[in-house]
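Subject: Structure for you to look at

Hello,

Here is the structure I said I would pass on. Please open it first, then read the notes below.

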Amino acid sequence: MADDPPQDAPAPPGACTACRGTGAVSSNLGGTPHEVPCPWCEGTGTRLPEHDAQTQAPPVEPPPAAA
Ligand SMILES: [Zn+2]
C-alpha cells in the first residue's frame with residue numbers, strides 16, 4: 001500500500017502497463033478488494049513479450065482509465 005504510485009505516473013519503459021510495473025493488481029473478485037499477482041507479467045512488473053494473458057483466464061481486468 002505504501003508503494004502505490006500516483007494514478008498519473010507513467011509506467012517505466014518495459015514495465016507491465018496492467019500493473020504499472022508493480023507486479024500486483026487490485027481485484028474485486030469475491031466482493032473484497034485485494035491485491036493479486038498481475039496475470040500479465042506474472043507478478044514480475046516487467047512486460048512479458050512472449051506472455052499472452054489472453055490465452056488464460058485472468059482473475060482481474062486491466063485497470064480502467066481514470067475518469
Ligand atoms: Zn503486470
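How many residues lie between β1 and β2 in the hairpin that they form? There are six. In the turn, G30 has a positive phi of about 90°. Please keep in mind that this is a predicted model.

Now the chain as a whole. The protein chain has two strands and zero helices. Of its 67 residues, 15% count as buried. Taking the contacts between residues at least 6 apart in sequence, 29% join residues at least 24 apart.

Next, the strands. β1 covers residues 24-27, and β2 covers 34-37. The two run antiparallel and are joined by four bridges. Across the pair, S27 stands opposite H34 in β2.

Most residues other than glycine have a negative phi. R20 is not a glycine, yet its phi is positive, about 60°. E42, also a residue other than glycine, has a positive phi near 60°.

Where do these two sit? R20 is in the segment before β1, while E42 is in the segment after β2.

Is R20 buried or exposed? R20 has 21 C-beta neighbours inside 10 Å, so it counts as buried; the cut-off for that is 20 or more. E42 counts as partly exposed, because it has 14 such neighbours inside 10 Å. That count falls between the limits of 12 or fewer for exposed and 20 or more for buried.

Regards

Technical notes: Residues are numbered from 1 along each chain as its sequence is written. This is a predicted model: local features need pLDDT of at least 70, side-chain atom pairs count only at pLDDT 80 or more; totals for chains, interfaces and linings use all residues. Two strands pair if DSSP finds at least two bridges between them. Two residues are in contact if their C-beta atoms, placed from the backbone, lie within 7 Å.
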